[in-house]
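Hello,

Here is the structure I promised to pass on. Please open it first, then read my notes below.

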Amino acid sequence: MQQIKRVAIFCGSKIGNKTIYADHAHEFASILADNGIELVYGGGSKGLMGIVANTVMQRGGIVRGVIPKILTEWEHQHDNISELLVVDDMHVRKRKMYDLCDAVMILPGGFGTLDELFEVLTWNQLSIHDKRVFLLNSDGFYDYLITHMQFLASEGFLWGDADQQITLLQTPAEFLQYIRS
């Protein structure tokens, strides 16, 4: 496994209903900054995205945001980060974020976050890339999704085992073992 120097985080532009989502976003961002790992994220200032970016910046880290033109209003582009790239569309955003990172972390989020998760898993399955995909299952947020992916495999619709494509974490601290090895 290559050393992780930059992590792309896909997560919600909203905070969600449980404080643990924001707490885990803050804790994970702190781990990145404290270990000199750059953040690549969706470029917004709201929700979990904003928490992650603000935390890394406050702790002296580097934050690279990538946001499509259409979302500069909805997600309120973050103007107080190391670098903000405004791109044409969501496809370019995902590809650029992927190109800039060594690994991908999925935090809680909505449809956009799920889209981003499944796109990187598909790229992995098609051998387009070999970057590790981490899923932070804050308070069981992804339990049903994990069960469904296991069902997809049991029904013969996946090329391989979903458990082999995703590194499941229950807490942000579990990520430390992957950056120290």
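Start with the cysteines. The sulfur of C11 lies 14 Å from the closest cysteine sulfur, which belongs to C101. That is too far for a bond. Seen from the other end, the closest cysteine sulfur to that of C101 is the one in C11, again at 14 Å and too far for a bond. A disulfide needs the two sulfur atoms within 2.5 Å. A search of the whole structure therefore comes back with zero disulfides. Keep in mind that this is a predicted model.

Both cysteines are tucked away from the surface. C11 is buried, at 7% relative accessible area. C101 is buried too, at 3%.

Next, look at strand 5, residues 103-106. Which of its faces are covered? Both are. A103 and M105 are buried on one side. V104 and I106 are buried on the other.

Strand 1, residues 6-10, pairs with strand 5 in the parallel sense, over four bridges. There, A8 has V104 as its bridge partner. Strand 6, residues 132-136, is joined to strand 5 by four bridges, and these two strands also run parallel. Here the bridge partner of I106 is L135.

How does the chain get from strand 5 to strand 6, and what is the hand of the crossover? The path goes through helix 5, residues 111-125. This β-α-β crossover is right-handed.

Best wishes

Methods. Residues numbered from 1 in each chain as written. Predicted model: local features only at pLDDT ≥ 70, side-chain atom pairs only at ≥ 80, totals over all residues. Heavy atoms only, no water. Buried < 20%, exposed > 50% of the residue type's maximum accessible area, 1.4 Å probe, protein only. Pairing = 2+ DSSP bridges. Right-handed = clockwise from strand over helix to strand, strands pointing away.
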